[in-house]
Amino acid sequence: MNIAIVGTGYVGLVSGTCFAEMGSNVTCIDVNEAKINKLRRGEMPIYEPGLEELVHRNVSYGRLHFSTDLASVIDDVEVVFSAVGTPPDEDGSADLQYVLEVAREFGRNIKKYTILVTKSTVPVGTALKVKAAILEELGRRGVDIPFDVASNPEFLKEGAAIKDFMSPDRVVVGIESERARDVMTRLYKPFMMKDFRVIFMDIPSAEMTKYAANAMLATRISFMNDIANLCELVGADVDSVRQGIGTDPRIGRKFLYAGCGYGGSCFPKDVKALAHTAREHGYTMGVIEAVEEVNERQKTIVYDKLAARLGSDMHGLTVAVLGLAFKPETDDMRQAPSLEVIGRLLDAGAVVRVFDPIAMDECRRIMGDKVTYCANLYDAVTGADAMALLTEWRQFRMPSWPRVSELMRGRVIVDGRNIYNGEELASLGFTYTRIGRK
């Protein structure tokens, strides 16, 4: 099958590469000529485990192509995916200008039946706007060309996106016609030969499903962080509580880990957008708005714990920050707790030494020379009065604590992801603080 994907960000590039890996002929399109030229040279704009190898392989086999011009390939494709960004406006709503521009470009250029599938995360009702934009362009051309719009939200986890796409637990597709259903079935059947897990539904329900899924996961995280904060006050241990409730099959174990808050490109944006959609319809989603409030507060908790030990005036003090990405196995720092913590440390006058296995270049792009970039964990803690862990990368799990003790000037450790053994650190003279334990 010949398909085009507009947008070579995280969703578009991963999706296009995986479709190509399954045998489709894919053209990934972006208006950013510099990004397309880099991709043609084999340079990746994002980090995702296994993606670079997959891109190179499918380019070499002639199944994956890159272009800046949708019009040049649209005659040959059956499906166009829209995977452009939907950044939040100041009021929390999703900015649809890029989504609607893809729709207009689609309407200006189709000459035969083609499906425009929205893969970007968009508010309920966006498909109606997309269809209207296409019809407007067809009207200007004075032609009546059949087309369909569909919604196919992504549920990829950064760090495991290729596995998620190649072997999905489900695929949600919103459609309006049997013709569109047949095309989307043919597209996804190779991914699920034995157990076809495509859930077809109406388009508004598909649009809502994406937001509801992310909001539910964000709710579990904020709920456990709220529980963790109360555990500290009453002398309970959030790890024990997590085990106690996670073994209940009605609750389950996933997304019940307390920490320093969620970040990334999806949860913060989607929670805000869902709450905004509700307000547009005269409804207040009290739970969802509380989820966002709890998370914003939680992002400051590591700094608050550092300030409780070091004082609010940190001039002359050095703090090592381990982990910059919002989660392991990605270089994504969008809405990451590290940005909040580092910003507050700098405002307090501290010297901040940072290390992340992957996100150092991204941090340089965002923060410039405001922090000191280090070669590894041990370099970061050298001369530090305190160490803060913000991202639970595997290589941070078992450091040589005697060596850390020798290198650090101070003895304060704040664990924002609850991965260390407090008794072990106490035996070495560290003052160890974590989330959800007195």
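This is a predicted model: local features need pLDDT of at least 70, side-chain atom pairs count only at pLDDT 80 or more; totals for chains, interfaces and linings use all residues.
Reader: OK, helix 5. Which of its residues are buried?

Author: Thr126, Ala127, Val130, Ala133, Ile134, Glu137 and Leu138. They sit on the same side of helix 5, because they cover an arc of only 135 degrees around the axis. Buried means under 20% relative accessible area, exposed over 50%, and partly exposed in between (1.4 Å probe, protein chains only). The arc is taken from the directions from the helix axis to the C-beta atoms. Helices here are DSSP runs of H or I with at least four residues, strands are E runs of at least two, and both are numbered from the N terminus.

Reader: And which residues are exposed on the other side of helix 5?

Author: Leu128, Gly139 and Arg140.

Reader: What do the buried residues of helix 5 pack against?

Author: Helix 4 (97-109), strand 5 (114-118), strand 6 (147-151) and helix 8 (203-234). Contact means heavy atoms within 4.5 Å.

Reader: How far apart are the end C-alpha atoms of helix 5?

Author: They are 23 Å apart, which agrees with the 22 Å that its 16 residues (126-141) should span at 1.5 Å a residue. The expected span is 1.5 Å times one less than the number of residues. After helix 5 comes glycine 142, with a positive phi near 70 degrees.

Reader: Switching to helix 3. Which residues are buried there?

Author: In helix 3 (residues 51-60), they are Leu51, Leu54, Val55 and Asn58. Their arc around the axis is only 100 degrees, which puts them on the same side of helix 3. The face turned away from that buried side carries the exposed residues Glu53 and Ser60.

Reader: What does the buried side of helix 3 pack against?

Author: The buried residues of helix 3 pack against helix 1 (10-21), strand 3 (64-67) and helix 6 (161-166). Just after helix 3, glycine 62 has a positive phi of about 80 degrees.

Reader: Now strand 13. Which way do its residues point?

Author: Val412 and Val414 point one way, Ile413 and Asp415 the other way, and all are buried.

Reader: How many bridges join strand 12 to strand 13?

Author: There are 4, and the two strands run parallel. Strands pair if DSSP finds at least two bridges between them. Methionine 387 stands opposite isoleucine 413.

Reader: What about strand 14?

Author: Strand 14 (residues 431-433) pairs with strand 13 in the parallel sense over 3 bridges, and threonine 431 is the bridge partner of valine 412.

Reader: What does strand 13 make with helix 17 and strand 14?

Author: A right-handed β-α-β unit. Strand 12, helix 16 (residues 401-407) and strand 13 make a right-handed β-α-β unit too. Right-handed means that, with the strands pointing away from the viewer, the path from the first strand over the helix to the second runs clockwise.

Terms used: Residues are numbered from 1 along each chain as its sequence is written. Side-chain values use heavy atoms; hydrogens and water are left out.
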